[in-house]
Amino acid sequence: MILCLLTIVLAILDQNIVSSAVVPIVRDLDPVHGIDHVAWLVAAFALGATAMLPLYGRLCDVLGAKQVYLAAIATFLTGSVLCGAAQSMTQLIAFRAIQGIGAGGLMSVTMVVMAHLREPGDKSGPGGLAGLIAGIGMAVGPLVGGLFADHGNWRWIFYINVPLGLVIIAGAVWALRFPRHTARASIDFLGASLAAGFTCALLLVCEWGGTRYAWDSPVIVVLVTAAVAGLGLFLWRQATAAQPILPLSLFRIPTVRTGYVIQGLVGVAMMGAMIYLMIYLQVARGVSSTSAGAYLAFMAIGMTFSGLLDGRLGWSTRTGMATGTGCFAIALGALACTTVDTSLWLVRGELVLLGIGLGQLLGKLIVVVQQAAPPHQLGVATTGIRFFQNLGGTIGAAAFGSLLSRVFEARTGGLLVSGIAHLAPAARPAAVASFVASVDVVFAVAAAVMTVAFLFAVRLREAPQDTTPAEAPRRPGADQPPATAPRSGTVPAEEQTLPVG
């Protein structure tokens, strides 16, 4: 379990550590045109991580969680070393994609491993620990990145992953003991390719639409067409393949289906909260980029507090989900009332409340889905949670960005947000007031999204029985459990596993 928590630290740190070092990276690698490629540092990582998630889940179910866990960490470390050695922005972007492919398995496959380590009857899962670790990581990540950027070499933000990753690999090889798979099933690589294709097309639409290219430009139209066609082909493949990469049968389970919806909505709202609060602080309140990033520490405090209390309140999973989504919605609703003169300490308090809500959600949704999914589909069910969160976050960032631009332009007669800095001093206050009102609309819509998530949470049904999985393989070609299910804790004779060690 300690190894799994260290892996989560590795994932959380890397998600937050790069943002503080963008300026020195650009200054070193390409001071002339590098700033134009900064968006790709984020996009390449997200593309690699999200596109690989369905395949990671299937590999866990077929090959075993330990092997996939080790491979994901090794891929992530390889990408980290290459990023640290990059000599140009193009190389760094390509190596960030490799790092992202490994990072896609750090959180998702780690949760599969933690599910196998969970004791029978334990329904709390890693939720509290995940909230605590995520809170610490969100607070420490930007600080570590800023430390290396200001007082050292930015390359060490990538190299720092290596010693910790090697410790995790060595410990996992020595300590993890799972039953070994004796039966092998095929892997739907065509389905995985279709999933990666439509995911990449969709993410590029969200990244480029309305910013680099107009929404009606040929590039966006082609990408939208590719995304829709790819999704259609992927669904067809999942309905007809003998061994689908993401079985559609999972969506017939109400708890799994509801968990995916909630996680996707949380991803949408989280982007609205984090990205546009940072923009508000910098544009409307004159807070520097580094100081604005430090505000995330208050959200981390809430997440840490929520993680420490988790399991001590005696709440049911549904109560925790309803409380988390409710606190999230209330915090966003409070942020929607922000004005130019709102006390920054009030904003900090709202971030603490938002963190408390988020801490109640982290990890718990994964456990709920794991308990409801069939044991032989544990991997795909778990990575599906991360898949929908990543898609929701990307779609939310694009949708809220378009909403902010349209509302602000309508209020100012066509002025762009970037044009505020170039206005005359006399015209600037009115433009800033219009900008704050536009950001409030974004927060209000995000609050409405979380209200919908709250309604789903109160209807969430917990698994009626413990489904703590044993890593038991199944016969090749059998995607569904046997017609006569064995009793809990037993495995049919033809599917028995051999212990390792």
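How many helices and how many strands are there in the chain? With that settled, please describe how α9 and α10 pack at their contact.

Author: The model is a predicted one, and the chain contains 18 helices and 0 strands. Of its 501 residues, 53% are buried.

Now to the pair itself. Helix α9 covers residues 189-208 and helix α10 covers residues 218-240. Their axes are 8 Å apart, and the two helices pack at an angle of about 150°. Angles over 145 degrees count as roughly antiparallel, and α9 and α10 are therefore roughly antiparallel to each other. The crossing of the two helices is left-handed.

On the α9 side, the contact is formed by Leu-190, Gly-191, Leu-194, Ala-195, Phe-198, Ala-201, Leu-202, Leu-204, Val-205 and Trp-208. From α10 come Val-219, Ile-220, Leu-223, Val-224, Ala-226, Ala-227, Gly-230, Leu-231, Leu-233, Phe-234, Arg-237 and Gln-238. By class, the residues of this contact comprise 18 nonpolar, 3 polar and 1 charged.

Thr-50 belongs to helix α3, which spans residues 38-63. Its relative accessibility is 2%, so Thr-50 counts as buried. Apart from neighbours within four places in sequence, Thr-50 touches Thr-199, Leu-203, Phe-387, Asn-390 and Leu-391. Of these partners, Thr-199 and Leu-203 fall within the span 189-208 of α9.

Thr-258 is located in helix α11, residues 254-284. Thr-258 has a relative accessible area of 14% and is therefore buried, the limit for that class being under 20%. Beyond its neighbours within four places in sequence, Thr-258 is in contact with Phe-456 and Leu-460. Thr-258 and Phe-456 are 198 residues apart along the chain, yet their C-alpha atoms are separated by 6.6 Å.

Notes. Residues are numbered from 1 along each chain as its sequence is written. This is a predicted model: local features need pLDDT of at least 70, side-chain atom pairs count only at pLDDT 80 or more; totals for chains, interfaces and linings use all residues. Side-chain values use heavy atoms; hydrogens and water are left out. Helices (H or I, at least four residues) and strands (E, at least two) are DSSP runs, numbered from the N terminus. Buried means under 20% relative accessible area, exposed over 50%, partly exposed in between (1.4 Å probe, protein chains only). Axes are lines fitted to C-alpha atoms, for helices over the stretch in contact, and angles run from 0 to 180 degrees between N-to-C directions. Angles under 35 degrees count as roughly parallel, over 145 as roughly antiparallel, 65 to 115 as roughly perpendicular and the rest as oblique. A crossing is left-handed if the near helix is turned anticlockwise from the far one by less than a right angle, and right-handed if clockwise. Contact means heavy atoms within 4.5 Å. Ala, Val, Leu, Ile, Met, Phe, Trp, Tyr, Cys and Pro count as nonpolar, Asp, Glu, Lys and Arg as charged, and the others, Gly among them, as polar.
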